[in-house]
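Here is a short briefing for a first look at this structure. Please keep the sequence and the 3D view at hand while reading.

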Amino acid sequence: MVIKGIIVSSGYSFGSAFVLNEKKVDLNFNKITFDKVDDEIKLFVKSHIKTINQLKKIRLKIKKQNKDKKLLFDGYIMLLEDNNLKEDIINLIKNELMYADNATNIIIKKHINDIKKIDNIYLQDRVIDILDIGKRLIYNIKNLDFIDFNFSNIKDKIIIVTKDLLPSQIIQFNLKKIVGFITELGSLTSHTSIIAKSLNLPAIIGVKNITNIIFNNDYLILDAVDNKIYINPCKNIFNTLKNKYNSFLFKRKQLIKLKNLPAITTDGHEIKLFANIANDKDIKFLIKNNIKGVGLYRTEFLFMDRKSLPSEEEQFLSYKKIAKLMKNFPVTIRTVDLGGDKFLPYMKFPKEDVSCLGWRAIRICMDRKDILYSQLRAILRASVYGKLRIMFPMIISMEEIFFLKNEIQKLKLQLLEEKHDFDDNIKIGAMIETPAAAIISKYLSEELDFFSIGTNDLTQYTLAVDRNNSMISHLYEPLSPSVIHLIKYVIDSVNPDVKSLSICGELASDERAIILLLGLGIKELSMNINNIPKVKQIICNNSLSFAKKLSTDVLSKCTVNDVLSILIKDK
């Protein structure tokens, strides 16, 4: 039997199924008497403190292994220490005469339901975090072990199969015997998926009814490359997958060898490969892997998982750290791109029918000058420590650029008066992610130093397809002729020989598109760090002359199927 899901961490795993069925907890729905109220509140407070201490211990352990994962538990502790959550539960115990476990369950469910009502992908994925906290609280109230998985008697390698995995459960597993994960729930952007990926273990999520299909000790092959899960496969399939696995390992080793080599086509044209990052902790990995620039620093992650906006000083220290570590390599800092599907719990956002077309990105910064000024001042102050560049997202007009450049000049004068140093020649650029920006790219190029085509949003807006809407997700195709022609228009308008122009969306690492983009005239690509070796290999195995011929063929086609038939055939 073969089943599919969503790949969150690629690779191959061979092992016995270890099915984790969630332990049932019986809540006490009865009413307590008045004389028991204080005892029940004391039980909750004691369990609340115990939960915070448990998470702090996990955080301390994780800090030594991976600082990125530590941030998740910082957020957990912050949520638990929120007085509103604590007071809501105590009030239910006191006013409704509820047992602590039932009161906690009700408040946690209320928080989850409130979030589910908001049309926001980022917040939807935080449901799992609140669920994690709630379950741990209830287990402590009931005096139960939160993790009850004993792998000590298991001799074979195992693949965990479960409805869902909470981040704090994954962190505490004995990973020596675990070779993969399969879950029924989860999303690509959830903390659970992010942690599973960071462990570098193959993982497939979103497999419907998985715990009723797979049973303990079933032999599994987890093919998280072609997205297949084999249950008790025959010998021929086993041998075939073993060969694929060995080939996969060989290719991975070959990619590692490319680490110190430039991305040069077979006819001698070098393509710059930069990384997209979300925080300053990614920089050490860049340096280790000889990646010579940051094409996109998504600064909104500085603003998340906290109780208030980051100060100018906090931002300055983060940007300074990146600048110093990257030395003379370029670091493109995108001003905070909030709204759309990225909201802050401490900031009020309007309710919008189509948030991706609403109050977001540069529109927020232009309205909220406090956000814009503190970020720009921080970037300018840090610019003397390296080669920083400022990039504005969601641009649609020249008026926006005139306004923003004028604001930068005002801030430079402020900094001069305050005796702060800054790079007076700091480069200023824009994301080309709206059809409006693409169409006026010729005029934008007269005012700006560089550009980055954000193909994710450009595709969404060009095709009028909400990429987060499952009903129409099949229409979201960045290799649509309309998108390709718009990219070509931008390239011809901006002229990459004169101005720096890169692609920083998912298309930059799409194997189908890389040679096409080179043929269209792109000389810089920026992508997720892990995709750079694969992209480099494709570039090194092809010529620019072939890429130009390919792009000419593609530009002559008017349907997606015709485009894909060329790209897949020649990939």
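Is helix H18 (residues 455-463) mostly covered or mostly uncovered, and how many of its 9 residues are buried? Helix H18 is mostly covered, with 7 of its 9 residues buried. The model is a predicted one. The points below start with this helix, then turn to aromatic rings, charges over rings and nonpolar cores.

**Helix H18 and its surroundings**

- The buried residues of H18 are Thr455, Asn456, Asp457, Leu458, Thr459, Gln460 and Tyr461.
- Three strands are packed against by these buried residues: E13 (427-432), E14 (450-453) and E15 (500-503).
- Helices H16 (435-439) and H19 (481-494) are also packing partners of the buried residues of H18.

**Aromatic pairs**

- How many aromatic pairs does a search of the whole structure find? The search finds 7.
- Tyr12 and Phe248 are an edge-to-face pair, because their planes stand at 75 degrees, with ring centres 5.5 Å apart.
- This pair links distant parts of the chain, 236 residues apart. Tyr12 sits in strand E3 (residues 12-20), and Phe248 sits in helix H10 (residues 235-257).
- Both Tyr12 and Phe248 are buried.
- Phe14 and Tyr245 form an edge-to-face pair as well, at 5.7 Å centre to centre and with 65 degrees between the planes.
- Phe14 belongs to strand E3 and Tyr245 to helix H10, so this pair ties together parts 231 residues apart in sequence.
- Is Phe14 buried or exposed? Phe14 counts as buried because its relative accessibility is 12%, under the 20% cut-off.
- Tyr245 has 24% relative accessibility, so Tyr245 counts as partly exposed.
- One aromatic cluster is formed by Tyr12, Phe14, Tyr219, Phe238, Tyr245 and Phe248.

**Charges over rings**

- Arg381 lies over the face of Phe316, 4.1 Å from the ring centre.
- Arg389 lies over the face of Phe450, 3.8 Å from the ring centre.

**Nonpolar cores**

- Which residues have the most contacts inside the largest nonpolar core? They are Leu444 and Leu525, in a core of 95 residues.
- Leaving out residues up to four places away in sequence, Leu444 touches Ile395, Met398, Ile401, Ile432, Ala437 and Phe451.
- Another core lies apart from the largest one and has 27 residues, including Phe44, Leu85, Leu97 and Leu137.

Terms used
Residues numbered from 1 in each chain as written. Predicted model: local features only at pLDDT ≥ 70, side-chain atom pairs only at ≥ 80, totals over all residues. Heavy atoms only, no water. Buried < 20%, exposed > 50% of the residue type's maximum accessible area, 1.4 Å probe, protein only. Helix = DSSP H or I, 4+ residues; strand = E, 2+ residues; numbered from the N terminus. Contact = heavy atoms within 4.5 Å. Phe/Tyr/Trp six-rings, centres within 6.5 Å; stacked < 30°, edge-to-face > 60°. Lys NZ or Arg CZ within 6 Å of the ring centre and 35° of its normal. Core = buried A, V, L, I, M, F, W, Y, C linked by side-chain atoms within 4.5 Å.
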